[in-house]
Amino acid sequence: MGMHPLEPCQGDRAGAAADTGLSGPGSSGASREAPSDLELLRACRTGDEHAWELLVGRYERLVFSVALRNGVTREEAADITQTTFIALLESIARLRDEQRLASWLMSVARRLAWRQRRRSEREGAGPGLLSAQEDPIAAWERLAVVKEGLQRLDRPCRDLLLALYFDPAAPSYAEVAERLGRAIGGIGPMRARCLQHLRTLLGEDAEA
């Protein structure tokens with residue numbers, strides 16, 4: 001795709017390649033194994049433009065395919081890929097779990113694709129491309145992201161939403177209230193608060 005989002009990492013570029021051992025284009029240095037994500041991120045934080053190009057090249061097709069599978073057009077997927085790497089650039093100083101970089105990029109791309117689908121629906125462009133015949137991979141990805149969000153909720157909200165939406169027995173409000181030791185009149189408001197918290201965690205309530 002040859003995409004290079006905005007400016008490469010900001011910082012002191014002097015001697016960055018020498019510090020990290022990454023060879024730039026045309027370098028005559030000895031060949032070495034491909035640098036790890038951790039090495040690339042560390043080099044990018046020092047302003048190594050070549051490291052940023054390698055990082056984008058490594059993951060841009062993955063990000064593009066995730067966006068495309070979540071029901072946007074190819075043009076929208078390209079824009080989402082660009083925006084995802086801009087988000088990485090803005091967050092790179094705070095990103096610490098480098099071993100999960102691919103998961104982080106995929107999650108951002110999914111959220112951006114979902115927002116784009118909702119925006120298209122609001123603007124009268126019709127439902128997303130997958131709504132008529134759901135892509136099972138995209139559906140699985142959305143379920144995985146929701147379940148990951150549930151694990152980040154506090155225990156009362158997690159227990160409530162699991163009971164209401166994931167229990168095969170489909171318990172009533174009265175049964176859920178009894179199970180959780182709460183008043184039945186409080187289940188509805190609590191459900192609304194917990195769903196809003198989950199949406200916030202997933203980034204679904206923010207406008208792109």
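Reader: Where does serine 91 lie?

Author: Serine 91 lies in helix H4, and helices here are DSSP runs of H or I with at least four residues, numbered from the N terminus (strands are E runs of at least two). A quick word on what you're looking at: this is a predicted model, where local features need pLDDT of at least 70 and side-chain atom pairs count only at pLDDT 80 or more, while totals for chains, interfaces and linings use all residues. Residues are numbered from 1 along each chain as its sequence is written, and side-chain values use heavy atoms, with hydrogens and water left out.

Reader: Is serine 91 buried or exposed?

Author: The label comes from relative accessible area with a 1.4 Å probe and protein chains only: under 20% is buried, over 50% exposed, and in between is partly exposed. Serine 91 has 17%, so it counts as buried.

Reader: What does the side chain of serine 91 reach?

Author: Look for a polar contact, a pair of N or O atoms within 3.5 Å; within protein, one must be able to donate a hydrogen and the other to accept it, and residues adjacent in sequence count only if both atoms are side-chain atoms. Here the serine 91 side chain reaches the backbone oxygen of alanine 87 at 3.0 Å.

Reader: Which helix does arginine 74 belong to, and is arginine 74 buried or exposed?

Author: Arginine 74 is in helix H4, which covers residues 74–91. With a relative accessible area of 53%, arginine 74 is exposed.

Reader: What is arginine 74 in contact with?

Author: Contact means heavy atoms within 4.5 Å. Skipping its neighbours within four places in sequence, arginine 74 is in contact with Phe64 and Leu68. Phenylalanine 64 sits 10 residues away in sequence, and the C-alpha to C-alpha distance is 8.4 Å.

Reader: Which residue does the side chain of glutamine 116 make a polar contact with?

Author: Glutamate 76, side chain to side chain, at 3.1 Å. Glutamine 116 belongs to helix H5, residues 101–122, and its relative accessible area of 17% makes it buried. Leaving out neighbours within four places in sequence, the contacts of glutamine 116 are Val72, Glu76 and Ile80.

Reader: Which residues is isoleucine 187 in contact with?

Author: Beyond neighbours within four places, they are Leu160, Tyr173, Val176, Ala177 and Arg182. Isoleucine 187 lies in helix H9 and counts as buried because its relative accessibility is 0%. Its C-alpha is 6.7 Å from that of tyrosine 173, 14 residues apart along the chain.

Reader: Where does glycine 185 lie?

Author: In the loop between helix H8 (173–180) and helix H9 (187–202). Glycine 185 is exposed, at 61% relative accessible area.

Reader: How many helices does the chain have?

Author: Nine, with zero strands. Of the 208 residues, 39% are buried. Take the contacts between residues at least 6 apart in sequence: 65% of them join residues at least 24 apart.

Reader: What volume does the largest pocket have?

Author: The general idea is that rolling a probe the size of a water molecule over the atoms shows where empty space is left. The largest pocket here has a volume of about 250 Å³. Its lining has 12 residues, and the closest to its centre are Arg100, Ser103, Trp104, Ser107 and Glu148. A pocket is an open set of points on a 1 Å grid over the protein atoms alone where a 1.4 Å probe fits, with protein on both sides within 12 Å along at least five of seven lines; lining residues have an atom within 4 Å of a point. Grid points are joined across faces, edges and corners, and the volume is the space filled by probe spheres set on them. H5 and helix H6 (136–152) each supply at least two lining residues.

Reader: What is the mean pLDDT of the chain?

Author: pLDDT is the predictor's confidence in each residue, from 0 to 100. The chain's mean is 75, and 70% of its residues reach 70 or more. Where pLDDT is low, the predicted coordinates should not be read in detail.
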